[in-house]
Amino acid sequence: MIATRRDRNQAIIQALADLLSAGAGWTVYYIFRKIYIEPIRFGYNVDLVFDQNYWFGLFIIPASWIILYQLSGSYHDVFRKSRLGIVGNTLLLSLIGCTLLFFTISLDDFVPSYQYYYSSFLALFGAHAGITIIQRAIVSTWNSRRIQSGKIKFNTLLVGSGQKSWDTFKKISE
């Protein structure tokens with residue numbers, strides 16, 4: 001299937017929105033670690049400073065999410081996806097991506113109990129999945145309304161002849 005300019009533009013819009021939501025999710029998780037995890041490690045409250053680790057993560061992590069979403073086909077045929085399917089796909093990809101991210105970034109944290117690992121993973125997953133699902137729900141609702149209003153149309157091949165075909169043509173043309 002040949003992608004139209006409209007499809008490519010919408011995929012770019014979705015990718016940019018995903019970049020922003022992944023960056024926001026990373027920021028929330030970074031703040032969570034600075035406020036709840038690092039005081040345990042150092043024994044005192046740590047200043048919330050956005051250092052080079054934050055900025056490095058802010059560039060690398062959202063780009064990694066975009067690669068994962070692209071490999072899974074999230075940006076293919078964006079106008080024909082259901083909102084429920086988008087939510088399910090986002091939850092699955094968030095679980096996979098957050099697990100990989102957790103094992104590469106957070107597993108070396110010093111914590112007195114494994115409970116902190118669980119809360120750290122849930123914070124990462126909740127921040128990323130929550131922000132991404134809300135963003136994707138907004139974008140897909142916007143797309144759905146544009147389709148229902150007739151601003152976005154799909155080419156349709158109607159095969160047949162006679163009154164039934166003519167009635168079908170008039171019905172979908174409205």
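Predicted model: local features only at pLDDT ≥ 70, side-chain atom pairs only at ≥ 80, totals over all residues.
Which residues make a nonpolar surface patch of about 650 Å²?

View 1. Six side chains are the ones to find here: Leu48, Phe50, Trp55, Phe56, Phe59 and Ile60 make the patch. Its area is about 650 Å². Leu48 sits in the loop between α1 (5-42) and α2. Leu48 has a relative accessible area of 41%, so this residue is partly exposed.

**View 2. Helices α2 and α3 crossing.** Helix α2 spans residues 52-72, and α3 spans 83-106. Their axes come within 11 Å. They cross at roughly 140°. That angle makes α2 oblique to α3; roughly antiparallel would need an angle over 145 degrees. The crossing of α2 past α3 is right-handed.

**View 3. Asp77 in the loop between α2 and α3.** This loop joins the view to the previous one: Asp77 lies between α2 and α3. Its backbone stands out for a positive phi of about 55°, although Asp77 is not a glycine. Buried would mean under 20%.

**View 4. Leu122 on helix α4.** Leu122 is part of helix α4, which covers residues 114-148. Leu122 has 56% relative accessibility, so this leucine counts as exposed. The cut-off for exposed is over 50%. How far apart are Leu122 and Val87 in sequence and in space? They are separated by 35 residues in sequence. In space, the distance from C-alpha to C-alpha is 18 Å.

Methods: Residues numbered from 1 in each chain as written. Heavy atoms only, no water. Helix = DSSP H or I, 4+ residues; strand = E, 2+ residues; numbered from the N terminus. Buried < 20%, exposed > 50% of the residue type's maximum accessible area, 1.4 Å probe, protein only. Patch = residues over 30% accessible without salt bridge, like charges linked within 9 Å, V, L, I, M, F, W, Y side chains within 5 Å. Areas by Shrake-Rupley, 256 points an atom, 1.4 Å probe, with all protein chains shown as cover. Salt bridge = Lys/Arg side-chain N within 4 Å of Asp/Glu carboxyl O. Axes fitted to C-alpha atoms, helices over the stretch in contact; angles between N-to-C directions. Parallel < 35°, antiparallel > 145°, perpendicular 65-115°, else oblique. Left-handed = near helix turned anticlockwise from the far one by under 90°.
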